[in-house]
Protein chains: 2
Amino acid sequence: MLKADERFFLIDCGEGTQMRLLKYGLNPARIHHIFISHLHGDHVFGLFGLLSTLGMIGRKVPVHLYGPHALEELMQYYSRFFGPLPFELAFVSPPENKNFIYESDKITVTAIPLKHRTPAFGYLFREKDKPLNVIKEQIEAYGLGIADVVKVKRGEDFINESGELIPNSRLTYPPFHKRSYAYISDTVFDPGLAEIVKGVDLLFHEATFSEKDKKLAAQTLHSTAAQAATVAKKAGVQKLLIGHFSTRYKDPLQLEAEAKEIFINTVGVKDGDLYSVPLKRLSGE
Amino acid sequence: MLKADERFFLIDCGEGTQMRLLKYGLNPARIHHIFISHLHGDHVFGLFGLLSTLGMIGRKVPVHLYGPHALEELMQYYSRFFGPLPFELAFVSPPENKNFIYESDKITVTAIPLKHRTPAFGYLFREKDKPLNVIKEQIEAYGLGIADVVKVKRGEDFINESGELIPNSRLTYPPFHKRSYAYISDTVFDPGLAEIVKGVDLLFHEATFSEKDKKLAAQTLHSTAAQAATVAKKAGVQKLLIGHFSTRYKDPLQLEAEAKEIFINTVGVKDGDLYSVPLKRLSGE
């Protein structure tokens, strides 16, 4: 679950998701957008129960579902067997081009084409430019009016009554950086993904296998921990989260260690872990 | 999950069933027969994940699926979206007549027609007659041969060389009673069910609502705790288990108390509870 722009975005929905939401105190009624990477059971078998529960607790407003085309057809069969849901399911399937599949005032979401055994997409969440914070003392010092403040928040410079240009950077705090999160699961190793997720703050990348099983990874179109780290390093991300570990590995810390040899800021994730991307101001000029 | 005749019978499969099996140390690979009462999510949404997992762990032998006709069609759509399972799904839908839908050397299973918002069936498990245990000392005392012992185990009397008839009851221990378990969920209150589950050792009967909400129970074709107890009392069962409680009741003990006023040997079940039906010898003549 991603919280951004005060909204909750559910990304993939394996069996038991609704129980996990309750366990971690997350209200399913607050979910309006569900992104499904691909139609394999461990990514979608919890969707039926979650949507069914939303209907039971009286949901009326739409749920927006993002995912491969077949997801819409799958949900039509759901209705056929289990009856219509009492709210609208609004489908959006990733387009071939690079347009956003979701956009609000504050964030955009881009689908990332993945190579797996069935059509699959990752998702890249990015904050948009935020209005600049104007330094209160400077408003008075330079005599800015309300209209001037609006312009300065947008990044414009200010010209005072004497015709003197006051550069925006003197009137505002350094801007916040635009936070970003990318989710990549499931996919074969694809170094080309680094270009798409370049410089994100937080990258989740599947790491189903260890490098010693890289043949198996290639055969099943999955990645190894080392390969996930290679993508992260090439993309220059701030932090890498790896997960989706095969149950064959009794100790997932081995996979974390394998990735860390390539990209030190890697964490092997466990159910219930919480990661934040703090807001930081970019350094001023 | 019912264990009978050294086999495991899974009865209904809501979301998270495979996780519960692991939690309680039950090996899903040991399941060969799955009985589905009806196609509502809380009874079937765990089936996709469970079957998918069985495929992943290398299952080759068939899984026998019992349930309404639409279950077979539902699983065809499963295959269409998620690929064929690497083992056979053998379907049996309850027939209109009273034939067993499952039979082994030791037990029989009968489908119980229920009245709910979609085709629904309960299931009645009964042990068959068991061979009698012959009293060792009497074999010697009366000089029984091997062929005689086989006959006596079947219940026949013994005629010795002098032509004297030794009644079976003198040669054998009193027989074990035939244990039985009935599962009834979901259904509107139907006193006629008592005839079908007459005298069973253990009856599970749904009790979604409290008697104070009996209108709601009738509208949604569910039962109240008092109604479940009424069926149990009329049927003269040994013990009643109630469950499937609506989440509106903060304290399910209230529902247990309601049922106990009508049928004292009632237990409100919780996840993970285990109930046994001990083998008892019927009293001799």
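The legends below describe close-up views of a predicted model. Residues are numbered from 1 along each chain as its sequence is written, and chains are lettered from A, with ligands numbered from 1, in the order in which they are written. Local features need pLDDT of at least 70 and side-chain atom pairs count only at pLDDT 80 or more, while totals for chains, interfaces and linings use all residues.

**View 1. Domains of chain A.** The domain assignment of chain A gives domain 1 (1–98), domain 2 (136–171) and domain 3 (176–285); such bounds come from an automatic or database domain assignment. Taken over C-alpha atoms, the centres of domain 1 of chain A and domain 2 of chain A are separated by 46 Å.

**View 2. The open sheet E1-E2-E3-E4-E5 of chain A.** Five strands in this order make up the sheet, with mixed pairing. Its edge strands, each pairing on one side only, are E1 (2–4) and E5 (89–92) of chain A. From one strand to the next the twist averages 25°; axes are lines fitted to C-alpha atoms, for helices over the stretch in contact, and angles run from 0 to 180 degrees between N-to-C directions. Strands (E, at least two residues) and helices (H or I, at least four residues) are DSSP runs, numbered from the N terminus, and two strands pair if DSSP finds at least two bridges between them. E1(A) pairs with strand E2 (residues 7–11) of chain A over three bridges in the antiparallel sense. Ala4(A) has Arg7(A) in E2(A) as its bridge partner.

View 3. Strand E7 (residues 107–114) of chain A runs antiparallel to E8(A), and eight bridges join them. The two strands form a hairpin with five residues between them, and Leu114(A) stands opposite Ala120(A) in E8(A). E8(A) is also joined by four bridges to the antiparallel strand E11 (residues 180–184) of chain A, where Tyr181(A) stands opposite Phe125(A). Strand E8 (residues 120–127) of chain A is largely enclosed by the rest of the structure, because six of its eight residues are buried (20 or more other C-beta atoms within 10 Å of the residue's own; exposed if 12 or fewer, partly exposed in between; C-beta atoms placed from the backbone).

**View 4. Helix H4 of chain A against helix H4 of chain B.** The two helices (residues 70–82 in each chain) pack at an angle of about 175°, with their axes 11 Å apart. H4(A) is therefore roughly antiparallel to H4(B) (over 145 degrees; under 35 is roughly parallel, 65 to 115 roughly perpendicular, and the rest oblique). Ala70(A), Leu74(A), Tyr77(A) and Phe81(A) meet Ala70(B), Leu74(B), Tyr77(B) and Phe81(B).

**View 5. The side of chain B that touches chain A.** Here 15 residues of chain B are in contact with 15 residues of chain A (C-beta atoms, placed from the backbone, within 7 Å). Helix H3 (47–56) and H4 of chain B are the elements giving two or more residues to this side, and H4(B) gives the most, with five residues. The buried residues of H3(B) include Leu47(B), Phe48(B) and Leu54(B). Those buried residues pack against helix H2 (41–44) of chain A, and within chain B against H1 (17–23), H2 (41–44), E4 (63–66) and H4. Gly58(B), which follows H3(B), has a positive phi near 90°.

**View 6. Leu203 in the largest nonpolar core.** Leu203(A) and Leu203(B) touch the most other members of this core of 118 residues (buried Ala, Val, Leu, Ile, Met, Phe, Trp, Tyr and Cys residues joined through C-beta atoms within 7 Å). Not counting residues up to four places away in sequence, Leu203(A) touches residues including Ala182(A), Ile184(A), Val197(A) and Leu241(A).

Terms used:
Contact = placed C-beta atoms within 7 Å.
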